[in-house]
Amino acid sequence: MVLFDAPRLLLALVLAICAVAVLPSAAADAAKRKTKNTCANANVMPAAGNLGAVRAAVLCLHNRERSARGLRPLRENGKLRRAALGHSADMVAGGYFAHDSRAGADMAERILRTGYARNRSWSLGENIAWGTGSLATAAEIQRAWMESPGHKANILRRQFREIGIGIAVGAPIGSGGDGATYTADFGVRR
């Protein structure tokens with residue numbers, strides 16, 4: 001036989017109700033923390049009208065990876081961005097995918113032509129990628145780069161301080177222009 005003590009039963013019910021009321025709050029806090037760690041527009045399909053938002057998502061994703069490893073965040077640099085955007089657009093227009101342009105300019109030549117490191121010593125790096133459909137989002141490009149040792153090394157290279165991100169609508173090869181082409185130029189000037 002089970003006996004119920006009314007005051008104890010009432011106390012148990014009050015505690016149970018309080019516990020249920022606390023659970024949604026804890027879940028909401030966890031959701032807020034998760035949202036705080038995500039990057040806006042990371043899953044947006046690149047289009048002519050939203051490339052600035054997608055570029056900001058790439059920078060956020062890079063800096064999130066760097067922060068998780070105790071590295072300084074990368075800062076955007078207009079000259080690096082100009083070099084990166086020019087290369088992405090050139091690859092789409094020229095129908096090729098390579099670090100060297102069709103005219104033969106390598107990454108360093110393209111970046112230095114912008115005046116990025118005028119009369120200073122420098123170190124540079126570059127990541128390129130393209131995707132179609134859902135693989136063209138900043139999140140998917142970031143995932144691919146982080147799964148590639150060389151690309152990941154550029155994103156996480158301690159010495160890099162600045163970045164230029166160029167995104168061109170369209171794929172460089174074989175998809176009839178669907179998709180997006182990304183170039184990330186990294187640098188440090190001393």
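Reader: Opposite which residue of β4 does glycine 164 stand?
Author: This is a predicted model, in which local features need pLDDT of at least 70, side-chain atom pairs count only at pLDDT 80 or more, and totals for chains, interfaces and linings use all residues. Residues are numbered from 1 along each chain as its sequence is written, and side-chain values use heavy atoms, leaving out hydrogens and water. Strands are DSSP runs of E with at least two residues, and helices are runs of H or I with at least four, both numbered from the N terminus. In strand β4, the residue opposite glycine 164 is aspartate 185.

Reader: In what order do the four strands of the open sheet lie?
Author: Two strands count as paired if DSSP finds at least two bridges between them. Antiparallel pairing joins β2 to β4 through 10 bridges, and β3 to β4 through eight. With mixed pairing overall, the order of the sheet is β1-β3-β4-β2.

Reader: Which are the edge strands?
Author: The sheet has the order β1-β3-β4-β2. An edge strand pairs on one side only, which applies to β1 (75–76) and β2.

Reader: How many of the 10 residues of β4 are buried?
Author: A residue is buried under 20% relative accessible area, exposed over 50% and partly exposed in between, using a 1.4 Å probe and protein chains only. In the chain, buried residues make up 39% of the 190 residues. Strand β4 is largely enclosed by the rest of the structure, because its buried residues number nine.

Reader: What distance separates the end C-alpha atoms of helix α3?
Author: The expected span of a helix is 1.5 Å times one less than its number of residues. For the 17 residues of α3 (residues 78–94), this predicts 24 Å. The model agrees, since the end C-alpha atoms are apart by 24 Å.

Reader: Within what arc do the buried residues of α3 fall?
Author: The buried residues of α3 are Leu80, Ala83, Ala84, His87, Ser88 and Met91. An α-helix has 3.6 residues a turn, so residues three or four places apart point the same way. The arc is taken from the directions between the helix axis and the C-beta atoms. Seen down the axis of α3, its buried residues line one face, because they fall within an arc of 125°.

Reader: Which elements do the buried residues of α3 pack against?
Author: Contact means heavy atoms within 4.5 Å. As a group, the buried residues of α3 pack against α4 (107–112), β2 (122–131), β3 (162–169) and β4 (180–189).

Reader: What separation in Å lies between the C-alpha atoms of valine 169 and alanine 48?
Author: Valine 169 is found in strand β3 and counts as partly exposed, at 42% relative accessibility. Beyond its neighbours within four places in sequence, valine 169 is in contact with residues including Pro46, Ala48 and Val92. Although valine 169 and alanine 48 are 121 residues apart along the chain, their C-alpha atoms are separated by 6.6 Å.
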